[in-house]
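Hello,

Here is the structure we discussed handing over. Please look through it before reading the notes that follow.

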Amino acid sequence: MSYALYRHGGPGLRLATYAGLALFVVWSAAPVVWLVLSSLLQQKALIARPPDLSPQNLTLDNFIIVVGSAAALGRGILNSLVVALFSTAVALALGAPAAYALARLSVPRADAIAFLVLATQMLPSIAIAIPLFLVISRLGLIDNVLTLGVVYLSFNLPIVIWILRGFFLGIPAGLEKAAAIDGAGVLRTFWHIVLPISIPPLGAAAVFAFVEAWNEFFFALILTRQSAQTVPLVIAAFAGQYQTVFGQMMAAALISVVPVIVLAIVFRDWIVRGFADGMMKG
Amino acid sequence: MTSVPHRAEPNRSVPAIELRRVAKSFGTVQVCRDVDLAIRQGEFVTLLGPSGCGKTTTLNMVAGLEDCTDGDILLAGRRVNELSPVERDVAMVFQNYALYPHMTVAENIGFTLRMRRVPRAEIEARVAAIAASLELSHVLGRLPAQLSGGQQQRVAIGRALVREPRIFLFDEPFSNLDAALRVKMRAEVKQLHQRLGVTSLFVTHDQEEAMSISDRIAVMNRGRVEQFGTPEEIYARPATRYVASFIGSPQIELMSGVVEVRDGRPTVPLGSARLTLPEEAGVRPGQRVEVGVRPEHVRLGGESLSATVRLVQPVGPATHVVLDWDGGSLTTTLPGFSRLRPGETVTAGIDPRDVLVFDQETGLRL
Amino acid sequence: MASTATFEQRRRYAGLFLVAPAILVLVAILGYPIVESLMLALHKVQLSAGAIQRSFIGLGNFERLLADETFRRAALNTLYFSVAEVVLVVVLSFAIALLLNHPLGRPGLFRILLVVPWAIAPVANAVLWKWILNANYGVLNGLLQALGVIDTYQVWLGTPASALNFLLLVDVWKSVPFVALLLLAGLQRVPSILYRAAYMDGASRFQAFRHVTLPSMRGAIAIAVVLQTIWSLRVFDLVFVLTRGGPADATVLMNFLAYRVTFNFLDIGYGAAIANVIFILTLLLAILYIRLVRPAEGAAR
């Protein structure tokens with residue numbers, strides 16, 4: 001048996017692999033395919049038993065109605081965009097320097113701090129939600145987009161710090177020493193050398209933070225009422241309200257997930273490298 | 001501080017770099033201790049030693065990249081312990097070069113001037129001049145990843161040169177090059193030094209590299225300087241057993257024994273053979289010593305001992321032959337290719353003047 | 001440049017300067033709520049006419065937990081849910097990671113399929129599955145009937161046991177991709193020279209898997225188990241959208257119970273006590289995670 005055959009397996013293993021991959025594709029894709037299909041089908045086709053998938057039932061009406069009638073969805077998307085962009089930008093602005101300091105600069109007890117930061121990311125939201133809710137209502141900041149953006153820092157800041165710290169740990173020490181010899185101080189080294197070579201992990205951290213903020217539901221549920229409602233709340237309410245208008249429900253859901261899915265697909269390699277590696281390396 | 005380092009006429013009597021009882025420890029681990037070195041203006045000095053001997057730490061302390069925990073560092077007579085690297089006016093070439101991967105060659109070389117707020121036009125002019133002298137003009141727009149190993153090396157040197165520094169530091173710059181390129185780069189650096197005469201401190205673990213490039217070598221071991229001298233002194237008159245065994249390839253052969261006086265001369269019996277020691281060693285009978293013999297000092301056909309050939313290793317210009325006898329084994333270096341075969345019996349001779357004698361306990365040469 | 005700080009000192013000062021803002025923000029957002037949450041759990045908190053009245057009752061809320069039938073139910077549901085989810089997710093993810101690590105599984109399409117379920121918002125995911133599992137028109141019913149598995153349409157979310165299991169299925173579907181990515185990263189870190197050595201040593205493919213792959217993956221799998229346990233304890237959106245805890249509290253998980261007690265029943269002190277139980281469980285798991293990651297870190301350096 002050649003080594004190539006040994007590594008890749010004979011016909012039996014190949015067949016099993018093909019079968020496994022096919023199962024995997026069906027398992028992962030089927031619900032998403034059904035999401036897209038449902039959003040494109042007329043109500044009468046959807047409530048047929050079994051659903052009638054004939055092409056003449058395809059329509060864009062669901063999207064037209066959802067976009068045209070549900071002002072809440074538009075506002076929700078706008079709110080989500082503001083919240084996600086705000087919390088991602090602030091998390092990067094504060095988190096990147098912190099991650100650099102924890103990874104490379106001799107901050108006392110840097111490892112302990114880093115692990116504490118990570119532990120906060122694992123906090124169940126409910127554990128802090130109650131006092132947070134009480135304080136924020138006392139301050140009259142309920143139903144405020146920026147309030148939500150700040151609260152989201154509680155998980156986005158740790159995510160950003162953790163992803164970037166993993167990367168910064170791997171930067172060759174020679175680069176920083178060379179910069180020091182060349183006359184750059186710590187801040188200029190960070191700005192001119194470290195950040196420019198960290199674009200992929202910065203991108204991964206940004207995408208990750210954005211997706212987490214865009215999708216967050218629990219804090220949004222307890223900290224917003226109406227004007228600051230984000231997309232997940234709108235979708236949840238929509239599903240409660242129009243739960244029999246399936247096509248429109250799916251159209252709304254699809255609209256809400258498309259931005260992050262596109263981001264995730266475009267930046268998938270960065271996400272995999274940035275986050276999966278970061279979680280393993282510590 | 002002015003943008004262009006101003007170079008005063010160096011005072012020849014003041015050492016360019018001086019270390020006085022410098023020590024460095026991380027917690028309880030002592031990396032360097034009592035390092036004393038005085039390097040003259042324009043001298044090329046190498047810190048040589050195995051990994052972990054403290055040579056890179058010493059270099060970093062001179063550069064200002066690490067603080068020393070004790071002692072003083074003086075550059076041109078001025079104490080610089082508390083100064084940052086930029087204030088010390090030193091340039092450095094790093095292991096693997098540490099070129100900025102996102103900057104072009106021109107940006108890499110010019111970065112240090114940019115950090116010193118040199119006007120853009122002047123940066124361009126100086127970078128162009130340096131690039132021309134290093135034959136890098138045609139690659140100025142490329143990224144480091146698009147360069148050959150030799151070109152990267154020259155960019156790293158250009159980055160150091162453009163500053164016109166008083167001192168050059170080299171941190172194992174050739175350690176990841178292949179053998180041929182390493183020898184070529186070594187020659188380039190030596191020629192550069194001969195041309196510019198800038199005081200240089202070079203770190204390596206490669207004894208041959210150190211021998212070939214240096215005016216003087218400081219051999220380090222476990223955080224201390226064991227010997228500081230010219231290549232010839234280090235090779236021919238090693239201060240310690242450690243230095244003797246670190247320098248030279250194949251390694252010096254060390255054998256321990258007890259001194260006996262025969263015919264009025266100090267000797268050491270080794271099995272059936274008897275090695276005569278040099279008079280000036282000043283040993284006394286009964287003293288436990290180690291004797292060292294370098295391969296090129298073992299002559300075939302002498303009458304010091306009779307031995308069996310164990311191993312014949314031709315390397316081209318010479319052949320290394322390992323000989324066994326009942327008192328131990330020795331390596332001899334013969335010119336060209338040898339016709340000796342394993343199992344043959346030969347006799348060998350060693351001139352007493354070529355035998356190095358070390359005290360068994362202290363390791364110091366006698 | 002009058003400063004006399006050395007390189008190392010400057011790096012230390014700059015480090016503190018760079019790390020401080022992030023830490024201050026985190027402490028500002030989290031410090032008070034964490035402490036206050038512990039305090040609330042020790043109080044009886046009543047809302048009357050918009051004002052909050054608290055009276056200290058020590059561990060009273062926690063004593064109440066022990067006797068509370070609903071809490072016991074929620075704890076058992078959570079235990080079942082978490083254990084089942086961890087086992088399913090890790091096993092499926094490992095299988096998928098192995099598939100995608102095989103040369104046949106390299107095409108980028110497969111990785112796209114992994115990030116899509118990860119990116120879908122849990123709420124959108126729940127809404128989607130609510131439709132898939134719909135009792136009258138759901139595609140699952142249609143599919144299973146067409147295949148002859150069921151005779152009549154089933155109310156999947158209507159019976160206690162099946163409701164919890166479907167909740168599980170939906171969350172497994174959503175959680176698998178990320179853990180698979182994690183394990184795939186681990187698989188790709190196994191040095192290929194080890195497989196070459198195993199081949200030279202005459203190990204069968206299964207032996208190579210048993211003696212090279214599995215030992216190398218032990219750390220990654222352990223990390224995946226701990227992280228997935230933490231994530232399982234956080235599930236909320238799914239319950240909220242799909243079942244609201246029903247039927248008959250069959251899908252009430254501890255997280256949801258804490259929410260319901262606090263925000264629906266306005267029993268704030270008691271809700272905080274439940275939240276603290278989850279908090280402590282998570283904290284223990286986080287410590288375990290850190291223990292697992294650290295040796296890996298030491299070996300990497």
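**Findings**

In chain B, the centres of domain 1 and domain 2, taken over C-alpha atoms, are separated by 39 Å. Domain 1 of chain B covers 17-238, and domain 2 covers 250-359. Please keep in mind that this is a predicted model.

Next, the fold of chain A. Its secondary structure consists of 15 helices and zero strands. Chain A has a radius of gyration of 24 Å, whereas the globule rule gives 19 Å for 282 residues; the value for the chain is well over that, so chain A is more spread out than a compact globule. The C-alpha trace of chain A spans about 75 × 75 × 35 Å along its principal axes.

Of the 282 residues in chain A, 54% are buried. Among the contacts in chain A with a separation of 6 or more, 80% are between residues 24 or more positions apart.

Then the interface. Contacts between the two chains involve 14 residues of chain A and 18 residues of chain B. Which helices of chain A each supply at least two residues of the side that touches chain B? They are helix 9 (173-181) and helix 10 (186-194). Helix 9 of chain A gives the most to that side, with six residues. By residue type, the side of chain A that touches chain B holds nine nonpolar, two polar and three charged residues.

On interface size, a general remark: it is often given as the accessible area lost when the parts come together. The description above is in terms of residues in contact, 14 of chain A and 18 of chain B.

Regards

Notes: Residues numbered from 1 in each chain as written. Chains lettered and ligands numbered in written order. Predicted model: local features only at pLDDT ≥ 70, side-chain atom pairs only at ≥ 80, totals over all residues. Contact = placed C-beta atoms within 7 Å. Helix = DSSP H or I, 4+ residues; strand = E, 2+ residues; numbered from the N terminus. Nonpolar A, V, L, I, M, F, W, Y, C, P; charged D, E, K, R; others polar. Domains from an automatic or database assignment. Rg over C-alpha atoms; globule rule 2.2 N^0.38 Å. Buried ≥ 20, exposed ≤ 12 C-beta atoms within 10 Å, placed from the backbone.
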